[in-house]
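I opened this entry to keep track of what I looked up, one topic at a time.

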Amino acid sequence: MPRLLYLLRTAPCFRSPKLALFDESLRRILSSVCNIPFSVEECLWTQASLPVKFGGLGIRSTIHLAPSAFLASVAGSSDLVNRIVRPGSVSCSSPESEAALLEWSRWHEYPPPVEPACFSQKSWDVPVASGIADSLLDNAPDNMTRARLLASRCAESGAWLNAIPISACGLRMDNESIRAAVGLRLGAPLVQPHLCCHCGAEVDELATHGLSCRWSEGRLPRHAAINDIICRSLSSAKVPARLEPNGLFRSDGKRPDGVSLLPWKEGKCVIWDVTCPDSFAPSHLASSSRDAGVVAEQAERAKHSKYSALQSKFHFVPVAVETTGVFGPEARVFLRDLGKCLKHTTSETEACSHLLQRISVAVQRANCAAILGSLNKNNEDLNCILF
């Protein structure tokens, strides 16, 4: 990869048809590794080739990257080239740089970066990636696609992609969980259409029904995993906590998921309750296709109304995490504060990132369990999975 990047920066490779062959090899390798047919739709590879923060997998396309790499190199070496080729001149443009700028401009409508940003390859690449991501969003054929693209551009939704697969930290995902996570992020087909073995509803090839099914097999494990992560993290930050606390009941007998045994904020102990609404549920699509995180924010408001009687004595935090991995606003603030406490207590500089990654991995594992749970329980119907 360093050799490839060096070649892209030092030669006008954007003119070469070999880049398409290289990208095709990347696409075949990614399809083999993830066990997902990227050749079904071109938009799958287009999104996958974007950076993680723009909704992709970070497997960059050389066709998209070549003009940015060459222009950054041209800008960085322009002073030296001017002194060698044209002593005393202010600028030295070449047909290659002008062609690269024309190729770079066709992906978006942003103006070229100016000094000193023009020396950075990132400053050239970000407008290209942003323009492609905006194009995918503008051309979304339905609300589900739009909701998926909006959610994938949130930082937390791609946290599992940045996690180092360490089993001891709970960051390792099995092959099927990775396949399900990639498929849900890109909108790739995961199963053959079938009937849900729990409720009898029709399940399409995207397999999103299992995420919202009332008898979903991934809902309880996801809920328990997130609560366990929060409780352990509080204890690691020297704030002892307890799950399913006794004595903290609502009028209907239900209780929050956990409570700290020491004050967390303003002299009050924190109580939290986890909820995981499905971004793709039919009742939520109108909201999730409008803006990312709206479903989680609505769930947090509902939790506040449910536990209003306890909020005078405790600091209540609703932890809403959508099935796409998007956090609600209050959950985001609480987890960031918890991460800072972990960093201060353990001196681990990446404590906050690891906390968010553990929750993200737990959500993706549960999504996989929910998808597989909609299949019938005999070996014949388990062949519905695409292998």
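**Helices over the sheet**

I began with α13, which lies across β4, β5 and β6 and runs at about 105 degrees to β6. The model is a predicted one. I then looked up α10, which lies across β3, β4, β5 and β6, at about 155 degrees to β5.

**The sheet itself**

I checked the strand order next. The sheet is open and has 4 strands in the order β3-β4-β5-β6, with mixed pairing. I noted β3 (241–243) and β6 at the edges; each has a single partner strand, so one side of each lacks a neighbour in the sheet. From one strand to the next, the twist averages 30 degrees.

Strand β4 (residues 258–265) runs antiparallel to β5, and 4 bridges join the two. For Val 259, I found the bridge partner in β5 to be Ile 271.

**Nonpolar cores**

I asked which residues touch the most other members of the largest nonpolar core. They are Ile 230 and Val 319, in a core of 29 residues. I listed the elements that each supply at least two residues of this core: α10 (219–236), β5 (268–275), β6 (315–320), α13 (329–346) and α14 (351–373). The most comes from α14, with 7 residues.

I also recorded a second, separate core of 27 residues, which includes Leu 8, Ala 129, Leu 137 and Leu 150.

I went back to Val 319 for its contacts. Leaving aside neighbours within four places in sequence, Val 319 is in contact with Ile 230, Trp 272, Asp 273, Val 274, Thr 275, Ala 331 and Phe 334.

**Arg 27**

With neighbours within four places in sequence set aside, I found Arg 27 in contact with Phe 38, Glu 42 and Trp 45.

**Cysteines**

I asked how many disulfides the structure holds. The count is 0. I then checked two cysteines against the cut-off, which requires the sulfur atoms to be within 2.5 Å.

For Cys 43, the closest cysteine sulfur is in Cys 34, 16 Å away, so the two are too far apart for a bond. Cys 43 is partly exposed, at a relative accessible area of 34%.

For Cys 197, the closest cysteine sulfur is in Cys 196, at 5.2 Å, which is also too far for a bond. I noted Cys 197 as partly exposed, with 28% relative accessibility.

How values were computed
Residues numbered from 1 in each chain as written. Predicted model: local features only at pLDDT ≥ 70, side-chain atom pairs only at ≥ 80, totals over all residues. Heavy atoms only, no water. Contact = heavy atoms within 4.5 Å. Buried < 20%, exposed > 50% of the residue type's maximum accessible area, 1.4 Å probe, protein only. Core = buried A, V, L, I, M, F, W, Y, C linked by side-chain atoms within 4.5 Å. Pairing = 2+ DSSP bridges. Axes fitted to C-alpha atoms, helices over the stretch in contact; angles between N-to-C directions.
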